[in-house]
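Here is a short briefing to read alongside the model. Have the sequence and the 3D view at hand as you go through it.

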Amino acid sequence: MKKYAVFGNPIKHSMSPLIHSYFAKSLNIELSYEPILGSLDKFETEAEKFLKNGGLGFNITLPFKQDAFNFAEIKSDIAMITGSVNTISLKGGVIHGDNTDGSGFIKDLKNNIKYEVTNKKILILGAGGAAMGVIPNVLSEEPSELKICNRTFSKAQILSKKFSSFGDVDAITMDSQKKLQFDLIINATSIGINNLKFDLPNNFFKKETVCYDMSYGKAANSFMNWAKKNNLKFYNGLGMLLEQAADSFYIWEQKRPLITDELRSILNKQL
Ligand code: ATR
């Protein structure tokens, strides 16, 4: 049987095994997909062992995406740009590294939410790995502007410099004096994971502003509550999770699984 997996730490709550098993079943492909709790200092050894034992590929979640980048022998363009890999595939004995987080995010916006980023004013909150993973894909859709706002301003500046050749991107502060009003606000911070209260200046949004949290479940509640309080449309990152998984599945099996309402409701019950 074909062997796939997901490496992470922690890994217990990962929904990837459920998603990939569902995809495989729906396409009549026999495969196993196991969650692997990676040891913090032994990623390379354990990843190598999985492939030596017949593994054909695996996903990588926190905190191993940069380790996976170093582990890959050949890297896709987007992996090179972000310096992070969430999908390893073994092809002809060569270890390939790709990153489907950004493509999954854009697909969720376009295919599921039916939201076009082109010519929109976008705000990304946060400047960690999650933000970095989607910024190049957002810029390639040609928004009219992309601002990055982060608690530690210098990190937002580093990211905006890093991606300045991809489009119009700047770092801003919460108390920016300029009049800023966004069409789409993306939360890529871990504020919700820590269950902290969320707040944004009133001038950042208007009544049509759409809010998107890259996390889901309880972790998305802080931003969701803020969006609801301000009567704004809100989406969580479950669609992104599904779309990035479908893109990984395609890399491995060259078949695109359908993301069904049934699968969404199975996952929603797990949250
Ligand atoms: P990830 O890889 O998931 O992006 P990360 O690299 O730890 O995780 O990034 C978390 C992001 O959430 C950072 O942008 C962080 O801001 P700092 O760069 O200032 O640390 C942001 N963040 C975390 N807790 C926050 C809080 N209480 N208020 C505002 N931003 C917060």
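**Cysteines and ligand site**

Cysteine 149 is buried, with a relative accessible area of 4%. Please keep in mind that this is a predicted model. The points below take the cysteines, then the surroundings of the ligand.

*Cysteines*

- Searching the whole structure turns up zero disulfides.
- Cysteine 211 is buried, and its relative accessible area is 0%.

*Around the ligand*

- The ligand is surrounded by 13 residues, and the closest are Ala130, Asn150, Arg151, Thr152 and Lys155.
- Sorted by class, this shell holds four nonpolar, seven polar and two charged residues.

- Asparagine 150 places a polar side-chain atom 2.6 Å from an oxygen atom of the ligand.
- For alanine 130, a polar backbone atom is 2.9 Å from a ligand oxygen atom.
- Serine 190 has a backbone N or O atom 3.0 Å from an oxygen atom of the ligand.
- How much of the ligand does the protein bury? The ligand taken alone exposes 640 Å², and the protein buries 72% of that.

Key:
Residues numbered from 1 in each chain as written. Predicted model: local features only at pLDDT ≥ 70, side-chain atom pairs only at ≥ 80, totals over all residues. Heavy atoms only, no water. Near = heavy atom within 4 Å. Polar contact = N/O pair within 3.5 Å; in protein donor to acceptor, adjacent residues only side chain to side chain. Areas by Shrake-Rupley, 256 points an atom, 1.4 Å probe, with all protein chains shown as cover. Nonpolar A, V, L, I, M, F, W, Y, C, P; charged D, E, K, R; others polar. Disulfide = S-S within 2.5 Å. Buried < 20%, exposed > 50% of the residue type's maximum accessible area, 1.4 Å probe, protein only.
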